[in-house]
Amino acid sequence: MNNFEPEIVAFCCHYCAYTAADMAGSKRIFYPPNVKIIRVPCTGKVDAIHILKALEKGADGVYVAGCLEGDCHFKNGNTRAKHRVTYVQKYLNDLGWETQRVAMMNMSAGMGERFAGTAREFTEQIRQLGPNPIKIAARNPKEQAAI
Amino acid sequence: MQQHKDMNDQQYNGKSVLVIGGGVGGIRATLDLAESGRNVVLIDKSYAIGGLMTQLDRTFPTNNCDLCTVSPHLSESGRQQHMDVMPMTTLENLTGGSPDFTATLVTQPRYIDINKCTACGECAKRYPDWVRFTPGLDPRAPTCMRYPQATPYAFSIDMDKVTDIKKLQNICKANAILPDDKAVTKKQSVASVVLSVGADVFDSTCLDNYGAGNYENVVTGLQYERIMSASGPFQGDLARVSDRKRPKKVAWIQCAGSRGINSKRDVPYCSSVCCMYALKEAMVTKERFAKEIETTIFYMDMRTFGKDYENYFDRAQNEYGIRMVRSRPHSLVEDAQTKNLTVTYAQEEEPQCHTESFDMVVLSTGFRIGEETKDLAGRLGIELNRHHFAQSDTFNPVQTSKAGVYVCGVFESPKDIPETMVQASAAASMAATNLPAIVTDQAEKEKFLPERNVSQEPEKIGVFVCDCGFDIGGVIDVQKIVEYAGTNPDVAVAQAVGYGCSSESMAHIEKQIKDHQLNRVVIAGCSPRTHETKFQDLLRRAGLNKYLVEMVNLRDQNTWAHMDAPKEALKKAIKLVQIGISGVRRSRPLLDNTLPMSQNALVIGGGVTGMNAALMLAKQGIQVYLVERAPALGGLARSIQKTIEGGDVGAYMDDLIKRTMAHENIQVLTRSIIVDHAGIPGLFTTGIQTGLRMTYLKIEHAVTILATGALPNRPDEYLLGLNENVMTQIDLDTLIEDDTDKIQGMNQVVMIQCAGSREPGNPNCSRICCQTAIKNALRIKKTNPDADIFILYRDIRTYGFQEDYYREARNLGIKFIRYKASQKPEVKDSAGELSVKTHDFILGQPIEIAADCIALSTGFIADDETTEDLSMMFHLPRTRDHYFLEDHVKLRPVDMSVRGFFIAGTAHSPQSIRESVNQAQAAAGRAVTLLAKKEINLGAAHARVDSTKCASCLICVRACPFDIPFINAEGYSQIDPDKCHGCGTCAADCPAKAIQLLSFEDDQIMAKLDGLFERYN
């Protein structure tokens, strides 16, 4: 697992986090390429199912990035997203997964540094946790049987 | 940029409005004019537009980086048809008269072809001395101006400094360097001119007592902004200039160079913005760097007179613990070793001097009109006032001394961004009246091919990958991506296209779509935020529905961000392209919802604001319904006689009412109230009960302007209403006009400021009371020079040029005595003899003043009942003290959050007649930009309910932030596509998955995940 490179999905809202990611790029602030962004109009659109499906399909970590609290372009989509992330975390906990595999982030459109910083920290956190348990299970059918 | 070239030909056939100065005000005016269908030319002497605001780190009162909010509008302006932005351009002269001017414009050579420059920055990186990019302390762009459309996103060459042009040409991959570029002179036919040239920031180096320019740790407010800014000299780390260490103690000195009497270095007026920006800088210092940093503001009067600014001041003191010291420090001395600064100051309540050491001192410097602007005024032939700002009309603040030439922003008088935005819209609105709107010709819309029906076709995808010069192609091998994309069986065409957004490549892509009958397109290049609409238009031209394109962000979110790891960047690029391909497979043709727009306007409130707004709209051919609750037009302004400048309010109001009543496009409905309301922006229906019989009337309108005003406050204190000689300033105003004998009989007059304002119940400043008190005091002095007048105040807030009247009052011997909120004056009535007892800080003891008349400066209070009724009916937000709350306090001060609603006058916040007129014009102008669209485009991204799945559980009804879903007669949730904002919250919350957000449907999101992890879907 030494050269484990996590695959990370970031659901980013159009108005803030996605723009912040563009900003990080235009300021040439480097962050790990592990993060792949899926753009949504508002983090309020991100369903618990989307997060769980991403994990099921093989994401090692998923985060939802929206506007700063109180600054949501659609009033409160980001606080709803936060509740859903918390819900998914509880659910993961019940499954015996690490809850840190999913997270909610907030940033304004101008915060390129914050985008890059959170991408870095989150990637590092997932690197520490190791691969998504589903992937391990798929690779090791015996081990799976042993459980 | 593209349109700069395209526009020239057609532009010069017709007349334009010329906007001079491309700061936020100029940009706002330009956008308003273009959106309302007027050709407009924006010139700016600098090589990039944006002005002063782009140098600010954050703005009050939100402490946000608000330029991020305006940039999407600018990005839209990249597509605006009627505008031409000309940087590095100045006005040489203006001949002719309104509305037939001819402007001679001179554009300096940029030595870069902005149509070719991709802003890759290679030239600036290699030869930083030769290339100009950004203002401020640092050669890097302020973060927010990195939006490609925000300015011409191109560099310019400082030819004087270039020693070897060949080297520069070699480094430019886009071949954009033009060594032989020349200045170009053009004649432009102009109907009206908007001046938004702003002002210079005072150069404080002449303030030797503060060591400005000599002491390293003494900076100006603007320099401090740059130091805090992420794009500033210390990359956003707060540090002292002398040792790069974070300061532990920072002081601000207010009024540096303003409100002074030393004519060699000070200006007498107040710069209006410095109190707020000092508070902001102090708050941001604590917020972003360290709570422990001690912040102190030395001030003369705290002038937080704007909307909700008093709350901001309270927060600064109470929540942030910013120390306020009322004093104008005498001098600063630098310690040679530590470079710390010792401030010497005295306070009025104590006899001795204090000294205190600080790590850093910020001088709150204000505005000055520079020589260039004075020259420009000379060339235009407009008059300047004694402070060299543009002289403007008392009742029409955007009108200069020359017909057809309008002014806005700081050049009119010192002001902050919201007021600049208001005036910019007002000036644009006035300028538009000289030029009829261009009717968008139907032919232009119809030049698109009819959309091909692709529903029965198997997916046939075209993938086009940009190399964007070095920006993508220099980091990753574009050919590898093309090869990879081609291995998808349904990808019919995969190609590299160089600069995908160049007109050449666009034409090529269009041809490929037609030749290969492609029905889905992936563009892998830059950000969809900036270029999606461009490629959507391309698809329309090629006969495809515009929602069949997917953009993959290979540059901003890949090669720019992973330049350090090209191998990984290539891997990621391939995955991103696959996400795009998988996603576009699931995209469906969608229809933008459009509806024809009504061309009527409803103006609620028939005071000075409502009438001005109605007239502005009526002049442009809009049918206006002007609804007034009272039996006659006029409102509160009818009870005011004079303005502080001496303008005759009565005569003005008579004329205004006459013009309003006479206008054929205005239907005046007095004794009328609003009773019901429905519809969507552009097509509202509002029910009104009108006349003595309360006849019910239904009117249809596209826009609504709220001008319902505020109420004169009558607080229950200081014996108001109990003694006839205790009166409000409005009563006194009438008395001065009507009863000269009574005024002449007065020996002593006491005025008490902030009566019923800036205290619990009405916590904000009423803004107009300081000027009103001084106005009335000066008028009493004129009638009765021997009268002794005492003005008891907390802070004198004579912002801008009102400071002149404050000084005049002091020179005439009017006494200003400060009191504290915790120690208010007491009014006594001993058998009809009135007196006021107050603490005198200079004497250090209470004093008692006998008074023949006590005038209370009571200001305004929100019309709670009216704003509550209307806000319920129209779903509009209000502030905590019950004024209407605008959509964006900084950048959209007269737009409401519900589209089609605008706010003006004292229903917005306390303000003077002059300021109300400005807002009325601005609201009308903003309304016209909406009306000019003629049709309502509702977009395609709206939520749709599948009634077969809906269980009517009400979750969507509760989840929607805008209260749009409802359970219809058939018992299912219904979402009106005309009202849906498209956030998708309901779709995510729906437990039955009965709701889908079009263009972001669940299967599209899943397909993208498949693309990332499994490739095929």
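The model is predicted, so please read every value below as computed from it. Between them, chain A and chain B bury about 4,300 Å², and eight salt bridges are counted between the two. Within chain B, helices H18(B) and H25(B) cross at roughly 35°.

**Where chain A meets chain B**

- On the chain A side 47 residues are in contact, and they face 49 residues of chain B.
- Of the area buried between chain A and chain B, 63% is on carbon and sulfur atoms.
- For polar contacts between chain A and chain B, the count is 17 residue pairs, with both residues at pLDDT 80 or more.
- Two or more residues each come from strand S1 (8-13), helix H1 (17-26), strand S2 (35-40), helix H2 (48-57) and helix H3 (77-95) of chain A on the side that touches chain B.
- H1(A) gives the largest share of that side of chain A, with seven residues.
- Sorted by class, the chain A residues that touch chain B are 22 nonpolar, 10 polar and 15 charged.

**Salt bridges**

- Over all chains, the whole structure holds 74 salt bridges.
- One of them pairs the side chains of Arg80(A) and Asp989(B), at 2.5 Å from N to O.
- Arg80(A) sits in helix H3 of chain A and Asp989(B) in helix H27 (residues 985-989) of chain B, so this pair joins two chains.
- Lys57(A) and Asp1010(B) also meet through their side chains in a salt bridge, at 2.4 Å from N to O.

**A helix pair in chain B**

- Helix H18 (residues 608-619) and helix H25 (residues 913-931) of chain B have axes that come within 8 Å.
- Their crossing is right-handed.
- H18(B) contributes Val608(B), Thr609(B), Asn612(B), Ala613(B), Met616(B) and Leu617(B) to the contact.
- From H25(B), the contact residues include Ile913(B), Ser916(B), Val917(B), Ala920(B), Gln921(B) and Leu931(B).
- By class, 11 residues in the contact of H18(B) with H25(B) are nonpolar and four are polar, with no charged residues.

**Backbone details in chain B**

- Ser98(B) and Pro99(B) are joined by a cis peptide bond, with omega about -5°.
- Pro99(B) belongs to the loop between strand S4 (89-97) and strand S5 (100-107) of chain B.
- Arg671(B) is not a glycine, yet its phi is positive, at about 45°.
- The loop that holds Arg671(B) runs between strand S27 (666-669) and strand S28 (672-680) of chain B.

Definitions and conventions:
Residues numbered from 1 in each chain as written. Chains lettered and ligands numbered in written order. Predicted model: local features only at pLDDT ≥ 70, side-chain atom pairs only at ≥ 80, totals over all residues. Heavy atoms only, no water. Axes fitted to C-alpha atoms, helices over the stretch in contact; angles between N-to-C directions. Helix = DSSP H or I, 4+ residues; strand = E, 2+ residues; numbered from the N terminus. Left-handed = near helix turned anticlockwise from the far one by under 90°. Contact = heavy atoms within 4.5 Å. Nonpolar A, V, L, I, M, F, W, Y, C, P; charged D, E, K, R; others polar. Buried area = accessible area lost by both parts, 1.4 Å probe. Salt bridge = Lys/Arg side-chain N within 4 Å of Asp/Glu carboxyl O. Polar contact = N/O pair within 3.5 Å; in protein donor to acceptor, adjacent residues only side chain to side chain.
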